[in-house]
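Subject: Structure for you to look at

Hello,

Here is the structure I said I would pass on. My notes on it follow below.

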Amino acid sequence: MDILVLNSGSSSLKYQYLNSVTGEVYAKGLIERIGIEGSNIAHNTKDYKTQIERDLPSHKEAVELLFEVLLDEEHGIIKDIDEIKAVGHRVVHGGPIVFPTLVDDKVIDTLEYAKRFAPLHNPGAIAGILGVEEVAPGKPNVIVVDTGFHADIPDENSIYAIPYKYYEEDAIKRYGAHGISHKYITMKTAEHLGKDVEDVNVITVHLGNGASITAVKNGKSYDTSMGLTPLEGLVMGTRSGDIDPAVVFTLGKLHNLSYDDMDTLLNKQSGLLGVSGVSSDMRDVEKAANEGNERAQLALKMFYNRVKKYIGSYMALLGKVDAISFAGGIGENSYFTRANILDGLENLGIIYDKSLNDGAREEKEITGKGSKVKVFITPTNEELMIARETQNIVENL
């Protein structure tokens with residue numbers, strides 16, 4: 001089934017048009033600066049690339065431009081909008097929605113409610129959905145939520161040790177994120193192992209500008225590093241990850257910072273950027289570290305050690321681990337990062353082959369001789385996962 005997959009941000013729209021069965025990608029691209037001067041689309045097909053600048057005041061105009069390039073008489077890949085059977089939307093936080101769901105007014109209301117948990121992400125997703133509904137009324141829209149895979153986390157791993165009434169009254173708990181990716185990685189790792197997904201215990205390590213790690217028990221999420229929001233957990237590009245909550249009170253009082261100020265500080269000014277002072281991009285930080293920048297070196301060590309701590313704790317939680325799988329822009333492409341995370345884990349039964357790891361960027365097993373735990377590079381494919389989940393919904397309409 002041919003599905004259009006959208007990942008909408010507040011001022012951007014990333015897309016892929018692909019076949020949900022074969023995984024063939026017909027077109028993909030990125031629309032940027034929606035509602036901002038200089039808005040444009042970078043559109044790619046197998047045989048054609050183009051970049052168009054156009055005033056795009058809202059997501060509606062962005063979707064109109066997307067359909068325009070897909071239908072272009074000379075370089076388009078469809079002749080009629082009906083060739084697109086459905087549109088699948090990535091949504092970071094679904095609130096009480098955990099399964100792929102056909103969009104209706106009630107779903108939109110629920111996503112509006114869930115904005116409190118993902119204020120940086122959900123508004124864009126809602127705008128993308130409404131844009132499609134305006135431009136292509138009647139076209140099935142399906143949301144696939146990042147929090148869905150983590151809905152099975154047991155209470156002892158998802159509820160915070162604060163007064164229980166805040167869980168009951170305000171739904172404050174660990175929701176996790178990157179669930180679409182972690183689910184895909186889990187399924188692919190089970191394939192690598194030659195096992196049914198229900199029979200595997202895996203630690204999935206999604207490392208990108210946003211980063212998270214999940215303990216998967218019998219094919220289901222058992223614990224994950226991101227929490228109520230995507231701020232908790234690992235050190236990330238601009239996010240602090242785990243900190244003592246009292247840091248918020250202390251800095252707020254010392255520097256007269258508001259809640260919004262602290263939100264910006266921890267989400268956009270911290271992590272690799274905040275410690276290194278160089279960049280939020282791992283490649284830039286690695287370059288600076290190699291040139292002797294001590295703060296960049298410190299930022300990298302903090303990044304590696306936080307991942308190590310989570311691997312160790314998840315080994316203890318799971319008891320038996322079949323494999324560790326690395327994914328995401330950093331996890332897939334930075335062999336240096338993988339090496340620094342895996343070095344020293346031999347006593348946990350995790351041994352990797354340095355010769356297989358060095359320079360590796362593709363799907364690959366890098367397990368070392370004598371390792372009790374398999375080690376894989378498993379490039380994620382969230383768009384294909386969304387397309388397949390969307391197909392499952394549309395086929396049952």
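β1 (2–8) and β2 (13–19) run antiparallel and are joined by seven bridges; strands here are DSSP E runs of at least two residues and helices are H or I runs of at least four, numbered from the N terminus, and two strands pair if DSSP finds at least two bridges between them. This is a predicted model, where local features need pLDDT of at least 70 and side-chain atom pairs count only at pLDDT 80 or more, while totals for chains, interfaces and linings use all residues. Residues are numbered from 1 along each chain as its sequence is written, and side-chain values use heavy atoms, with hydrogens and water left out.

Six of the seven residues of β2 are buried (under 20% relative accessible area, with exposed over 50% and partly exposed in between; 1.4 Å probe, protein chains only).

The buried residues of helix α1, among them H59, F67 and L70, pack against β1, β2, β3, β4, β5 and α3 (contact means heavy atoms within 4.5 Å).

Elsewhere, six strands form an open sheet of mixed pairing, in the order β11-β10-β9-β12-β14-β13. β11 and β13 are at the edges with a single partner strand each, so one side of each has no neighbour in the sheet. β9 and β12 pair in the parallel sense over five bridges.

Regards
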